[in-house]
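I opened my notebook to look at cores and aromatic rings. My notes follow the view below.

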Amino acid sequence: MMGKTELHSVFKNILDCFCLCLSRCNSRVRSWAVKDDEESHLIYRPGDVLLDRYEILETLGEGTFGKVVECIDHQRGGSHIALKIIKNVEKYREAARLEINVLEKIKRKDPDHKTLCVQMFDWFDYHGHTCISFELLAVSTFDFMKQNHYEPYTISQVRHMAYQICIAVNFLHNNKLTHTDLKPENILFVDPEYTVTYNLKKKRDERCVRNTDVRVVDFGSATFDHEHHSTVVSTRHYRAPEVILELGWSQPCDVWSIGCILFEYYSGYPLFQTHDNREHLAMMERVHGPIPSRMIQKTRMQKYFNRGRLHWSDDTSAARYVRENCRPLRRCVLCDSEDHHQFFDLLEGFFEYEPERRLSLSAALHHKFFRPFSSYRYMSC
């Protein structure tokens with residue numbers, strides 16, 4: 001029979017072996033659990049917990065950069081947050097680092113969160129995936145329209161959303177930043193609640209958002225004045241003429257994008273629905289009149305012009321498409337009332353061809369269309 005000392009030694013060896021096996025097992029489970037799919041997205045399931053803190057509930061969206069998930073943040077009192085999980089690819093990690101740099105500057109300049117840009121809480125690296133946590137917002141202004149049969153917003157809703165977008169982007173401009181990718185998908189509602197009424201004429205249910213508070217999001221392409229400016233910026237439908245003509249761009253290209261966004265809110269459809277530069281320029285001329293000769297003379301893109309005018313034939317199927325889908329801006333007014341005409345007066349300022357003549361957002365905030373908000377104090381720093 002074994003003595004107590006020998007028995008203790010045997011049990012200790014068994015326990016050590018068990019712990020070693022358990023450690024190896026846990027290591028194998030962990031390496032199995034943290035995997036990427038073929039597109040370098042992090043593989044996860046609802047209920048997974050990152051860093052013993054972020055409990056994943058569901059996927060909110062997906063893009064070329066990665067995915068956004070809703071999480072419970074167990075270190076923020078169990079509050080729900082949005083977590084942007086970047087692909088495990090170096091170029092996307094680098095873009096995420098640039099976005100974090102912008103978001104940290106916004107946070108420093110706006111500690112009380114008054115400028116209506118999305119609030120970043122934290123960021124971290126998770127097995128090669130840069131993760132950024134944000135306040136949890138509702139659907140984008142585009143997705144709401146899409147889910148609502150592309151019904152336009154009312155003029156009062158457009159006014160409130162427009163004012164907030166101008167505040168947010170003016171704050172960026174005052175801090176030497178250009179967003180460069182403003183579009184309805186990057187304007188998110190704060191509150192998901194809406195009412196439903198039945199439209200007897202159209203024989204369908206229609207939604208009306210209860211609260212038009214919004215936030216500007218996605219600073220992955222935001223550019224400081226001193227940084228390299230890539231040749232092409234902005235999603236096609238919201239791209240300014242100086243970008244198409246490669247004349248260089250700065251903050252005014254955001255203003256043009258805002259004009260396109262607000263027209264889409266008002267009408268329910270994009271102002272410039274095209275995928276071709278020449279056709280895009282033809283649409284602009286149809287809506288806003290001829291491109292100024294000064295811009296034509298300066299551009300390197302002379303292939304689009306002939307003898308100082310846009311090289312465009314009126315006898316093609318493309319020309320018929322432009323005529324059928326575009327008309328002079330003022331002919332798009334839906335109601336002959338003062339607030340509608342004030343809105344189009346604002347749009348005309350946003351749609352000045354030449355960037356140096358385009359309405360600035362600091363001036364836009366004092367436009368008569370925004371008179372109902374004249375007592376509202378906005379942050380301009």
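I start with a term: a residue counts as buried under 20% relative accessible area, as exposed over 50%, and as partly exposed in between. I also note that the model is predicted.

**Entry: Phe144 and Tyr194.** I looked up the aromatic pairs and got a count of 18. I picked Phe144 with Tyr194, an edge-to-face pair. Their centres are 6.0 Å apart, with 75° between the planes. Phe144 sits in helix α3 and Tyr194 in strand β9, 50 residues apart, so the pair links distant parts of the chain. Is Phe144 buried or exposed? Phe144 has 5% relative accessibility, so I call it buried. Tyr194 has 31%, so I call it partly exposed.

**Entry: Phe343 and Phe369.** I found these ring centres 5.3 Å apart and the planes at 45°, so I wrote "tilted". Phe343 belongs to helix α10, and Phe369 to the segment after α11. Both Phe343 and Phe369 are buried. Ring pairs also join them into a cluster with Tyr163, Tyr266, Phe344, Phe370 and Phe373.

**Entry: charges over rings.** I saw Arg159 over the face of Phe369, at 4.7 Å from the ring centre. Lys84 lies over the face of Phe65, at 4.6 Å from the ring centre.

**Entry: cores.** Which residues have the most contacts inside the largest nonpolar core? I listed Phe219, Tyr265 and Phe350, in a core of 89 residues. Helix α4 gives the largest share of this core, twelve residues. A second, separate core has 14 residues, including Tyr54 and Cys131. Back at Phe350, I checked contacts beyond four places in sequence; among them are Cys166, Trp256 and Leu262.

Technical notes:
Residues are numbered from 1 along each chain as its sequence is written. This is a predicted model: local features need pLDDT of at least 70, side-chain atom pairs count only at pLDDT 80 or more; totals for chains, interfaces and linings use all residues. Side-chain values use heavy atoms; hydrogens and water are left out. A nonpolar core is a set of buried Ala, Val, Leu, Ile, Met, Phe, Trp, Tyr and Cys residues joined through side-chain atoms within 4.5 Å. Buried means under 20% relative accessible area, exposed over 50%, partly exposed in between (1.4 Å probe, protein chains only). Helices (H or I, at least four residues) and strands (E, at least two) are DSSP runs, numbered from the N terminus. Contact means heavy atoms within 4.5 Å. Rings of Phe, Tyr and Trp (its six-membered ring) pair if their centres lie within 6.5 Å; planes under 30 degrees apart count as stacked, over 60 as edge-to-face and the rest as tilted. A charge sits over a ring if NZ of Lys or CZ of Arg is within 6 Å of the ring centre and within 35 degrees of the ring normal.
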